[in-house]
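Here are my notes on the aromatic rings, for when you open this one up. Have a look at the structure, then read on.

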Amino acid sequence: MASTTKHPVLSRRALNRATLDRQLLLRRAPLGVEEAVAHLLGLQAQNTKPPYYALAARLDGFRPEQLSDLMESRAVARIVTMRSTVHTHTAQDAVALRRLVQPGAIDRELAIFVARKGLDGVDLERLAVLSRELVEERPCTPKQLREELLKEWPHADPQSLSLAARCLLPLVQVTPRGLWRRGGQVALTTTDAWFGDGVEPGEKDGEGEESDRTVLRYLRAFGPASVKDMQSWCGLTRLAEAFERLRPQLLVFHNERGTELFDLPDAPRPDEDTPAPPRFLPEFDNLLLSHADRTRVVTPEIRSRTWQGNRAFSVFLLDGLLAGLWHLDEAKDRTTLTIEPFAPVTRAERAELAAEAERTLRIMTPPGTSYDIVHKDPSEQAA
């Protein structure tokens, strides 16, 4: 959304520091794990380990077992929500945010499966009812679900059947999937079956109330931001109406390109010279995926270097900006963390990266594990 009204301009660096503060990346927060997951509106969880590394970068005193215990107690869970991707959410958000984003990327994904003609002759209402019965009787793997659905529709595309079920129903990935250093294959059941009476459904919100509340929460975690930024985060469209309803209670800024940005009056906006320490982030971290304009964190010239096909790499921040890649090699008795900066770093930066890498390894490796930190120079990578 653009405006001709004069509003204060936030530099790219000021936006960077504000967003890092909301994302708990300027200083580690003394929050409980469940509180942090709620504040961040979930953690990207396409793979099982990234939520643990995301919290290790953000929370003071974090231990991986804390998140794992919450998953086992069903206080948090893995479910498809924003951008039709798997996230780790609190139980309350697993229900509420899935309901909110259903008309966006999730329904669009379902329309793609239908358009491919893999579901010709399949009654989607019947598919939803039958799938619910199957997964609520006992959690099913996608393969098990496909096999049962094929008995009803033997000529349908098997993959489309199970994926359509995932779109039609709010399906949780049950434990032990996602538990720290335990894991297991994907098995699915509904949020109703998994959470039971642990999540109050609440009364149905009035028109716009749920989207308005989520706008405010999004700004608390990712702002200042534009309408398009939030739409990129959640996969919904037509959110301008919600921002307009909320405009009287929001502050309005412009970025350096003239785009209108909204923010909460009481949200932190640190000085742009506030120090930003190095941080190691997992692949698909929401810091990197939740704005239409990602230049507040990722400079355009390096954006293509963080992906290869559909694979995203783990990245690190220097002075608040994405500055390189890192990866782990976990052998039986030794772990190696390799740091690969995109450009030469100073001696002081190298020492800060090493200290942050060592801290990450102390948190994320079993007690008594030996580890190494390898720093690759950019000239070595090009050779």
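1. Start with W326: this residue is buried, at a relative accessible area of 5% (buried means under 20%, exposed over 50%, partly exposed in between, with a 1.4 Å probe and protein chains only). Bear in mind that this is a predicted model, where local features need pLDDT of at least 70, side-chain atom pairs count only at pLDDT 80 or more, and totals for chains, interfaces and linings use all residues. Residues are numbered from 1 along each chain as its sequence is written, and side-chain values use heavy atoms, leaving out hydrogens and water.

2. Searching the whole structure turns up eight aromatic pairs (rings of Phe, Tyr and Trp, the last by its six-membered ring, with centres within 6.5 Å; planes under 30 degrees apart are stacked, over 60 edge-to-face, the rest tilted). One of them is Y53 with W326, a tilted pair at 5.6 Å centre to centre and 55° between the planes. Y53 sits in helix α3 (residues 50–56) and W326 in strand β12 (residues 321–330), so the pair ties together parts 273 residues apart in sequence. Helices (H or I, at least four residues) and strands (E, at least two) are DSSP runs numbered from the N terminus. Y53 is buried too, at 7% relative accessibility.

3. Y218 and F222 have ring centres 5.2 Å apart and planes at 20°, so this pair is stacked. Being four residues apart in helix α10 (residues 209–222), they are separated by about one helical turn. Y218 is buried at 0%, and F222 is buried at 0%.

4. Ring pairs also join Y53, F280, F316 and W326 into a cluster.
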